[in-house]
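Subject: Structure for you to look at

Hello,

Here is the structure I promised you. Please open it and keep it beside this email while you read.

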Amino acid sequence: GSPHIAQFVRAHAGELACHGALWEEGGTDAQGRPGMVLGRRGILSVELAAQTLARDAHSGAAHALPNAAWRLLAALNTLKESPEGDGIRIPGFYDRAKPPDAEDLAIIAAMNDPEPTLREQFAPRAFVAGRTGRDLEAALFNPTANIAGLTSGYQGPGFKTIIPAQASAKLDFRLVPDQDPEDIFAKLQAHLAAEGFEDVRVTWLGAMWPYKASANHPLVALTRRAAEAVYQKSYELRPMAGGSSPVYAFAGPLGGIPVVSAGVGNDRNRTHAPDEHVRLVDLLNAGRHIGRILGGFGALEAA
């Protein structure tokens with residue numbers, strides 16, 4: 001979420017001019033098949049904060065004094081059509097959201113069903129909006145509103161009879177091409193004010209912009225051939241990832257270059273967990289993959 005990467009690339013665009021970029025993401029799935037994600041969603045991270053009292057009060061006064069936690073929950077409740085769905089109620093939120101094209105849908109139709117892996121890893125009670133099968137993959141082209149954390153009142157052992165004076169929530173909005181985090185931030189502020197929550201403070205925490213490459217670019221094809229030679233398994237393209245990446249900071253300012261991946265990730269490396277890890281075999285294979293991409297790039301450009 002660095003605010004300076006894109007600025008640096010724009011300032012040094014002449015020195016960084018290139019035909020494509022090799023990124024550190026990528027790896028193998030649960031079956032050991034190599035693959036690459038063509039696109040990454042953008043993100044807008046914010047904090048919403050409500051304050052209803054100068055200090056916490058005794059809950060015996062709950063008939064008279066307003067509760068910041070309830071105030072914040074009421075504001076959050078205006079953001080989505082339902083907790084189980086993904087419809088976002090902010091006016092204009094979807095105006096610039098670009099749906100998957102025919103190429104994207106064809107890739108998704110040829111992919112493995114992601115549902116079994118998601119069920120095994122997370123055991124969800126149900127999927128958002130009741131989705132199943134490959135619809136779970138196509139839904140990556142839907143922007144989201146996520147509550148990452150809530151803080152208010154007393155959280156210690158036992159109980160404490162207070163009315164919280166303050167409450168806050170950390171949220172992130174995952175955005176799809178061609179949404180702009182700055183535009184969404186302004187619309188979020190306007191929405192809360194229109195709903196009567198102008199007292200709820202909205203703080204910008206960070207952002208990244210969405211990005212997507214074409215599956216038909218020659219560098220993408222070279223990356224696939226190189227991977228299949230190393231891993232001796234079929235290569236799987238994914239049109240969109242659920243997460244975000246500073247890829248946009250290079251691809252956009254450098255003229256929409258393709259960004260390909262040859263990484264060390266595997267389906268069970270527990271990304272972002274305390275025991276996140278890299279297997280040695282994945283490190284070695286990624287090195288071989290990168291070597292083949294670099295070796296084939298000269299011939300690609302000559303052609």
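Strand β7 and strand β9 (residues 166–175) run antiparallel and are joined by eight bridges. Strands here are DSSP runs of E with at least two residues, and helices are runs of H or I with at least four, both numbered from the N terminus. Two strands count as paired if DSSP finds at least two bridges between them.

A word on the model before going on. It is predicted, so local features need pLDDT of at least 70 and side-chain atom pairs count only at pLDDT 80 or more, while totals for chains, interfaces and linings use all residues. Residues are numbered from 1 along each chain as its sequence is written, and side-chain values use heavy atoms, with hydrogens and water left out.

Back to β9. Which residue there is the bridge partner of Thr151? It is Ser168. The whole sheet is open, with four strands in the order β7-β9-β5-β10 and antiparallel pairing. β7 (144–152) and β10 (201–208) are the edge strands, and each pairs on one side only.

Two helices touch this sheet. Helix α3 (residues 68–76) lies across β5 (42–51), β7 and β9, at about 20 degrees to β9. Helix α7 (residues 181–194) touches β5, β9 and β10, and its direction makes about 165 degrees with that of β10. Contact means heavy atoms within 4.5 Å. Axes are lines fitted to C-alpha atoms, for helices over the stretch in contact, and angles run from 0 to 180 degrees between N-to-C directions.

**The three-stranded sheet**

Another open sheet has three strands, ordered β2-β3-β12, with mixed pairing. β2 (27–28) and β12 (236–238) are at the edges with a single partner strand each, so one side of each has no neighbour in the sheet. Strand β3 (residues 34–37) runs parallel to β12, and three bridges join them. Val37 stands opposite Arg238 in β12. Helix α8 (residues 218–231) lies across β2, β3 and β12, at about 155 degrees to β3.

**Salt bridges**

How many salt bridges does the structure hold? There are 15, each a side-chain nitrogen of Lys or Arg within 4 Å of a carboxyl oxygen of Asp or Glu. One of them joins Glu25 and Arg40, at 2.6 Å from N to O. Glu25 lies in the loop between β1 (21–23) and β2, and Arg40 in strand β4 (residues 39–40), so the pair ties together parts 15 residues apart in sequence.

Best wishes
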